[in-house]
Structures are given as structure tokens and as C-alpha cells.
Amino acid sequence: MMNSIPSDMSRRHFMSHLAGASAMTIPALTFGHSLRTHAAELKKNHKSAILLWMSGGPSTMDIWDLKPGAPTGGPFRTIRTKGDVEICEHMPLTANVMDKLSIIRSMSTREADHMRGRYYMHTGYVPNPNIEHPSYGAVLSHELIDQRANLEIPPFVSVGGGSVGPGFLGMAWAPFVVSSNGQVRNLDMGIEDKRLMQRMAALDMIEKNFISQNRGSASEDHMKILKKTLNLMTSEQMEAFKVTKEPKEVQDRYGNDGFGRGCLMARRLVEAGVPFVEVDLGGWDNHANIFTTLGTGMNPKLGILDRSMSALVEDLETRGLLQDTAIIWMGEFSRTPRINGTTGRDHWARSWSVVVGGAGMKGGIAVGKTSADGTAVETEPYTSQDVMASVCKALGISLETTFTSKSGRPMKIANGGKVIKELFA
Amino acid sequence: MSRIVGGLLLVALMGGVVFQVNAQTPKAGATSTAADYNIPQVKYINEQIRQVWTDNGMVPSPPATEGEWCRRVYLDVIGRVPSVTELKEFQADKTPERKLKLVNKLLNDEIYLEDYARNWTTIWTNILIGRTGGTEQRTLTSREGMQKYLRDSFAQDKPYDRMVYELVSATGTTSPGGKGFNGAANYLVMKLEEKAAQATAMTAKNFLGLQVQCTQCHNHPFNDWKQQKFWEFNAFFQQTRALRTFIPGTRDVQSAELVNQDFAGEGGGGDASEAIIFYELRNGLMASAYPVFVDGKEAPRSGYVSDVNRREVLAKMIVASDYMDKMIANRIWHHFLGYGFTKPIDDMGPHNTPTHPELLDYLGKEVRKNSFNLKELIKWVALSEAYSLSSKITPSNKADDPLMGETPKFTHFYLRNMRAEELYESLIVATEAQKTKGDYAEQEKLKTQWLSQFNQTFGTDEGDEQTTFNGTIPQQLMMMNGDLVKKAVSTEQGSFLQKVATSKLSPAQKIDYLFQSALSRAPTQSEVDIANKLLTARGGDSVAALQDVFWAALNANEFILQH
């Protein structure tokens, strides 16, 4: 028990002291090294995933699986790509990297409510009042964390948006939510190290007194988070969040908006060793005026997506990161083939598309097929679980991995989804 | 080891039968139940909760300490921790009725009226328009207007059924000061898009505990709700329109007005005397609906407001429904105990069996019998035995852990994080900053600014949102380094800490005062020792040492958790 005041202790020493003999002990070696050397060291052999989350439910039949000429098809045309697929004309930059990405066109799911769809696509489970399932970000970072013992940034970062929580895995696997400007609020305390450590000693005492009275896991979780927070405050790895350190042309290429900066931050974070990054692009709930919102109006959504997504794929490829980084593009569901009275499309989960690539998954192909009007899947239907099982395979995570919920219920990773074979050579 | 060991001793546990004696009050006898203050509802709650303990062979934890209970009840009833003076006042009262007296005081005393109204306004604003409602661009909602309505309602002790009626049937303008202002109009004003789908879903959920949003598009997979029901409920909102007034010469909304207009029915050449709506089945066929309540009661089909005001009819039907009774009982129980009788609390369909069905029914009925007086309901729950138990878990009730997927049995108090608003108000009280606060509007503005750092929206038409005030790193960073905490531990001239430091109290009393202020208890010996070491480390600068101690106490799990 920490009952004396450390008088002349480094933060690092203090952290290891606080952590006791647990696995949290951090080698002194990495402290003081520059981020670059650190990154080079981390880059070896680690796998990551970036989820581009399209909040609101994007109309995939206007982006990835067009039906030109069909009454349900909408006005957009297709363009050829570098891959063996055609996509929407408003995605010309992405067309150039489609040899790296594949479209799963036979997604068929059952949740067409935003909250339920978000939960399902993030976890592989439908909401259940008795249990909170961990989101894929929590699960994958949990599985990949061993590959980077020196990581001080939380392993699951969510940029600019709302992911789904860690469920029964506990708050230690919660998404670290940051805004896309790269600033993490309240990072500095503004007092000298020594004094901070002395305050921490007093805090540690009060925390442990409370925990020792057997009050349940919430009091212990608080202490775990406290340690992570202190770790973060003292970490040089926080540099990874500073997208403004990138050359101006790189920033411009990604786009000077929230999503562009988020994608750039995702690349920097993956480079720094973060196993799972989620970047949010909202505004897809297009019940009205969908075609101007997506493609032909001022500052169209597809323009934002196209620029940043293509920049991310290109940049990862150039840096040799794409082979170890899985990219997943998806929303909670898609939108009705029928165009409604206000030129919008409503919620639709029965036939839609998700895009994946990287980490050894095949690029340039379309998996599965929908009917001529886009209302039905004509090949084997795939689900959230299947997408995630495929990502797990790509990342080298065994599909036999199981988690045990707090009630003792065993749960297979990706809810027992099956690997989509076409994605693998 | 704790100084507060409760009186319950487990004597024997045999074949699922539990015997227990109360060592502190032997005169109460081995079969006694907790105090019920001669309030029949409290007595019934205690019996029902105990029955489940007995059925499950569980023994409850001993009672919470007086300080813990006092802190708990201040937080839940008026949304902040007690000041040191308030805590001492309660502890000085040795009468058997002291808890009843305190609850009555917090609910009814003039000096707590503002705190009470503020707390429940915050809670209900978040229920009705969300944490971000009225802060988005181009919104029609006036958060201020919603709050004004609720604050007046709680300050006047408006019966709950009256409040629900007013919210569902409201017409008028949304912003305070506008002509025809009615703050209640803010509840529905942004829920009318997409044929009022949100108005339908939120009204069923908030007031009836029925989750119907999925049935907008298909029959509910888990409960009795069919798609037809959704659209029948939806038909009640079809006379409702939100009118906008723009700031002259701009496209910025100046105000919005909720009105009822004649509804001609959908489809070509609709017949307003029998105003129909259509919706699409999953097989693509169209079906029709008229206003029918969840219990099958039909409303007149006319779309003319002069014939029938559909929302007023709906409001009356909601207020007459026992779903509403159970929903408010479940909500208040959840607020105080941390878990409701169902999870989630607002999903009470037949697919989701309550943990204590008889108690839930009973509380609903009693609420109605007591004229929907929310203060009565609060009193019964706050004075219940379950609410008085320690959060310390004992071997004989360790299995009662809702985090493990067990249904809650309320054998001990479940820890939970303070809400962001409670934390804010508590910091202000703990640091006695309330003595220098500005007027109400100014205080609320500062609080809203501070809260906004934790709020996120998902960018959907439903206005879904989430908070990062959930015990994770951003919240922790705010507690360690944020401006509000920096201010709370400021040592400037005139600050709380400076006043404590220069007071006539002895050094030990000063440390005691800080602990009482943050944690509603005295420091332990080990905590006193470490405080003294901090004083040495600060070279005798007692203000700086007190600053370190107070910072540590405010950052501790014990402060941030409702326990």
C-alpha cells in the first residue's frame, strides 16, 4: 500500500510503483525517446484496424452498388475503377484506389432503427436488456494489445463521434473519444511533477480505503482509469494526435474538415501503435433531398468521403502500413431502394453494402450481388458477424477466441460469424 | 477496517432459509423489518423487497452510515451533496424520525425549493429533449423554454398527470418572452419530421414505457406491438404543425409555434371527416390507420380540429392509462436505486418481465391514488429500507450483482457514477462557491457550457446522442486538470481553501472539514497521516497542503460515485 509520500520520484517510477507488481509496469527504456524511434519500433509486426463509421445509414446503392436505369436507381452514374468494380461517379479519387478495397454487396441485416443498428453493426449482437456486448473496437484492441507493450495511448480511439462501449469487457476498453482537431482537453495540470506525485499518493490512499470496503467493481474501475489517465498525461505518444504537425500538402490532401483530419489522425495513431481507430462521418440520415446532399449540392457528402477515404488508403499504402491495417467502411444500415415523396430514402437493412480492405484482404472485387432494383440479395447474404470474422482472420485473430461475460456466458469472437471466403486468396 | 460495522449477523444459512438477528436493536426482535415511519407505502415496499431476499436466500447489507445516507439523499432529491453545515445538522438530530424529517425538509422547505426544481428540471429536460436538444444549429427547440416550463412545474408541485397532459397537448410558442409562450411546446416541436415518427416513439417510451420505434417499419420481434399499432398511435399527431417565424431579412429562426391544424388525410382527395394515414408494409404494400390508443380505444376519425383535437384526446388517454402509472414508478425507483424494475426502464412490454411485478403495480396504483404527487412517491422510495442499505457488499449478498447480468434484488446499494450535472452542482457546494453565484440564467449558462464538453450527437434525424461523462479518461482528465476543479482548489484571496486555512480551526479540524465537505465523513487515521506528510512536503505552507488534500478527495472514487 502506498502510504508514504514519494519525495523524489520520476513519474515513470511512480507509475510502476502505483501499478505494483502488475502487468502495467512500463520499461524505462522508452521514456525520453523520440516519437519517431518509438514508432519505428512499434511498426514492426503489429496489426491494426480503422473503422470509417458512417453515422445515420448511408445509401449504399448510391455509392457502391448503383442500379442506373432502374426506377429505384437514382440519378447517379457509375464510373470505372482501378479494381474490377464500378462505383458512383462522385467518388473519382476512391475509384483510383479500388484495387485495394472490396465491396461486400450482399449485406443483409435486420436492424433498421439507428440505436439498434449502431449496436448491432458495432458488436455483432442485437441489443439485450440483460447484457452489454463489447463493441468490435474493444474486442479487437483487447486481442491486439499484446503486440504493443509500450503503447500508452488507449488502444481504442474514437475520433469525432460516438462508438459503442466496451460492455462487459469493462471501462478499461472503452473508446477514448477525441475531437478531430487533435486536441485532448485538460491534459496538463500545471504543477511540478513531484507535487503531482504527492497528490497522487494521497488520492491513492483514499481510493484504496474505499475499494477495501468491498463496494464492487465501479470503485476499482475508477482506479484503473485513473492510472491510465496519469499515464496519458505523461506520455510523449500524445504527439500522434497532433495532425497539424503534418506538412500542409498532406493535410490538404486529406481535407481540412473534421473527417479529413480524423482520417489523418487515424493514420498517425496506427503508426504510433494504436490497434483500433474509429473515425465518424455523420449526416447520412437522408430522408429528404438525398441526391443533392450526397452528390450535386454544395459541399456534398460524397466529396468529403471520397477525398479523405482515398487519401487514407493511399497514404497507408505508401507507408507500407496497409498490409497490416484493415479498413472497414460501414454504417448502421442502408436506405430504401424506393425514393420517397421528398426525394429521400428511408431506413433499409435488407440488402446493402460494406467496404473492406487492407491487412491482406483482397482488393478490387465485389462480393455478392443484389437484384436489378436493389431490393434483395441474390447471393449468400452476409451479416455484421461475417464482416468482423473476416477482419479477425485478416488480423490473425483466431475465430476460436471466446470471451466470458460477467455472468459466465461464453461468447465467440464476432458472434461466431463466418469468414467471407472471396476476400482471401 | 471500517468503524461502521452494521448490526446484522448472519447466524445460519441452511437449506436456503436465512435466520438473522439485529444486534444493535435487540428489542426489535429477530423478525423485525426496517423502520416504515408509519407510512403504509414504505411498509409495503420493504415487505416486497424482503420477500425477494428471502426467496433467494440472501441477506441484505447493514444500513449505510448516517453520513452516507445523508449524502445519498441530498444527491438524489436535490442534485448535490450536502454542505458541512447541512451534514452536521442532520447528524445532530438523534430522534428516530430524523430521516423522515430530512426527506420532508428537502422536498418541502422553502430554502430547498430552487435546488429541488433545478434538479428535476435537469433530469426531465434530458428525458424530453435530450442533453443536446436546443443547442443544435437551426433547431426550433428552446432549451431555455423547456427548462422554464419544467422549473415552474416542479416549483409549483404540479401533479405528474397534469404535466404529461400539458406536454402531450401543448400549443404555443417555444421561447420565453414570445407572444403566446408555452414552454411545454418544446417537447414536440422537433419531433414532427417524417410524419411525426419521433413524437410517436418518444411519447410511447417516455410516458407509457412502451418502445415502439422498431415497429415503425415492421412488427416488433419481441413484443406484442405490431406495425399497425405504431401508425395508429402516430395518427394522433397528424394535426400538429410547427410554424417558424424568421428573423426579418434572414433565414434564422426567431421562434417556433406549435399549432393544431385541420388534417385532410393522406392520399389524393383525402376526406377530412375521416382523415386516414397510410404506411408501407415490409412487403411493399400500403396499409391504412386511424387514431387508436394502445389499449384498442378508438378516437373519432375526423381530421377537423373543431370536431376533435387528436392530441388532447391522446393526452387524456395517456393520463387514464395504467402504463403511465407504472412508468413513473419505475423511473423514480431507477433514479434512487440505480436500477429499475425493468432494464431499460422505458421498455416494459410483456417481453420484459419486471423484477418485482407486484411492487411495480402497487407503486403505480399508489401514485394514482395520491393524485400523482411526485413528492409522495419520492418520499416512499427514499425512506425505503433498500435505499438505506450500505453499498458494502457482504458474502451473503455478493451474488446480487446486476453488472453480472443478475436481476437486481436490492440487497445492497449499487454504486453508480454521479451524473455530470450532479457533479457540477456538488463541486459548487463542496467549495461553497454558491455564495458568490450569479442569477439563475447566468448559472445555467455556465453549467451548460461546462456540460457541452461531454456531449456528442450521432448526426441522425432522431437526434441520438451520448455523453463521454461516463467514467472514462476525458472525465478523469477534467477532474484532475479542468478549470472547474482548478477553481475549486484555488488558494486565491477569498477562496474556499484560503478561508479554511485562515480559520480558527486546528490543523486536524481543517483536514476534517475538507473531508466532510467532499466525502461527508471524517478522514481515517491513515488519511490524516498522509495529509500531515503533505504539510511537511509543502514546507509548512498549510494552504498549499490543504489544496493537495482537497484535490485528492475530489478526485477520489468515493467523491465521484453515488454510494
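Accessible areas come from the Shrake-Rupley method with a 1.4 Å probe. By that method, chain B exposes about 23100 Å², and carbon and sulfur atoms supply 52% of this surface. For chain A the accessible surface comes to about 15600 Å², of which carbon and sulfur atoms hold 50%. The model is predicted. The points below take each chain in turn, then the contact between them, then two single residues.

**Chain A**

- Chain A is built with twelve helices and 14 strands.
- Of the 425 residues in chain A, 62% are buried.
- Taking contacts in chain A between residues at least 6 apart in sequence, 72% join residues that are at least 24 apart.

**Chain B**

- Chain B contains 23 helices and eleven strands.
- Chain B has 563 residues, and buried residues make up 57% of them.
- For contacts in chain B between residues at least 6 apart in sequence, 64% join residues at least 24 apart.

**Where the two chains meet**

- The size of an interface is often given as the accessible area lost when the parts come together.
- Here chain A and chain B bury about 5800 Å² between them, with 59% of that area on carbon and sulfur atoms.
- Arg199(A), Ile206(A) and Arg215(A) supply 12% of the area that chain A buries against chain B, which is more than any other three residues supply.
- The contact involves 68 residues from chain A and 65 residues from chain B.

**Polar and charged pairs across the interface**

- Five salt bridges are counted between chain A and chain B.
- A salt bridge joins the side chains of Arg338(A) and Glu280(B), with an N to O distance of 2.7 Å.
- There are 16 residue pairs in polar contact across the interface of chain A and chain B, with both residues of a pair at pLDDT 80 or more.

**The side of chain A that touches chain B**

- Elements that each supply at least two residues to this side of chain A include α4 (114-123), β6 (176-178), α6 (193-212) and α7 (217-233).
- The element that gives the most to this side is α6(A), with 13 residues.
- By type, the residues on this side of chain A divide into 26 nonpolar, 24 polar and 18 charged.

**Ser390(B)**

- Ser390(B) sits in the loop between α14 (385-388) and β8 (416-417) of chain B.
- Ser390(B) has a relative accessible area of 4%, so it counts as buried, the limit being under 20%.
- Leaving out residues up to four places away in sequence, Ser390(B) touches Arg215(A) in the other chain, and its contacts within chain B include Ser61(B), Pro62(B), Arg72(B) and His412(B).
- A polar atom of the Ser390(B) side chain lies 2.9 Å from the backbone nitrogen of Lys392(B).

**Ala149(A)**

- Ala149(A) is in the loop between α5 (136-144) and β5 (156-159) of chain A.
- Ala149(A) counts as exposed because its relative accessible area is 67%, and exposed means over 50%.
- Ala149(A) and Ala218(A) are 69 residues apart along the chain, and their C-alpha atoms are separated by 26 Å.

Notes: Residues numbered from 1 in each chain as written. Chains lettered and ligands numbered in written order. Predicted model: local features only at pLDDT ≥ 70, side-chain atom pairs only at ≥ 80, totals over all residues. Heavy atoms only, no water. Helix = DSSP H or I, 4+ residues; strand = E, 2+ residues; numbered from the N terminus. Buried < 20%, exposed > 50% of the residue type's maximum accessible area, 1.4 Å probe, protein only. Contact = heavy atoms within 4.5 Å. Buried area = accessible area lost by both parts, 1.4 Å probe. Salt bridge = Lys/Arg side-chain N within 4 Å of Asp/Glu carboxyl O. Polar contact = N/O pair within 3.5 Å; in protein donor to acceptor, adjacent residues only side chain to side chain. Nonpolar A, V, L, I, M, F, W, Y, C, P; charged D, E, K, R; others polar.
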